[in-house]
Amino acid sequence: MHLVYPAVLAALLFCTGLYGVLARRNAILVLMSVELMLNAVNLNLVAFDAWLRDTLHAGQALTLFTIAVAAAEIGIGLAIVLLVHRHRGTSDIDRLRDLADTPDAPDAGTADLQPDTKAEATA
């Protein structure tokens, strides 16, 4: 088996996933694109393992580990996306700016540092 065919296919899959991460606005499509990139890496690991004829099959073992980590990542990522969609009504990445600091909102960390005026007035 030639190493060029799976390497070219993996490069095309990785480039497609990279385009999906950079160009998409929907969080679910971004997660799918990340999975596509991980599958391209897995294809390279298995192809190089078969090409090198490794007796330990380290490429295939690492591929299984990568699949397990990717499954956990997509489960947690999808749960976060669904929770955000449930609370805000959208999964558009550009519209999710609520975590950014706004200049007019009071800082929650400094609320405890300000003196209580009612307690000082009664003392």
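**View 1. Leu82 is a residue of helix 3.** Helices here are DSSP runs of H or I with at least four residues, and strands are E runs of at least two, both numbered from the N terminus. This is a predicted model, in which local features need pLDDT of at least 70 and side-chain atom pairs count only at pLDDT 80 or more, while totals for chains, interfaces and linings use all residues. Leu82 is classed as partly exposed because its relative accessibility is 46%; buried means under 20% relative accessible area, exposed means over 50%, and partly exposed lies in between (1.4 Å probe, protein chains only).

**View 2. Ile28, Leu29, Met32, Leu78 and Leu82 form a nonpolar surface patch of about 410 Å².** Helix 2 (27–52) and helix 3 (58–88) are the elements that give two or more residues to this patch. Helix 2 contributes the most, with 3 residues.

**View 3. The protein has 4 helices and 0 strands.** Along the sequence, the pattern reads α-α-α-α. Of the 123 residues in the protein, 19% are buried. Among contacts (heavy atoms within 4.5 Å) with a separation of 6 or more, 57% link residues 24 or more positions apart. The protein exposes about 9,500 Å², of which carbon and sulfur atoms supply 66%; accessible areas come from the Shrake-Rupley method with a 1.4 Å probe, and for residues only the protein chains shown count as cover. Residues are numbered from 1 along each chain as its sequence is written, and side-chain values use heavy atoms, with hydrogens and water left out.

Definitions and conventions. Patch = residues over 30% accessible without salt bridge, like charges linked within 9 Å, V, L, I, M, F, W, Y side chains within 5 Å. Salt bridge = Lys/Arg side-chain N within 4 Å of Asp/Glu carboxyl O.
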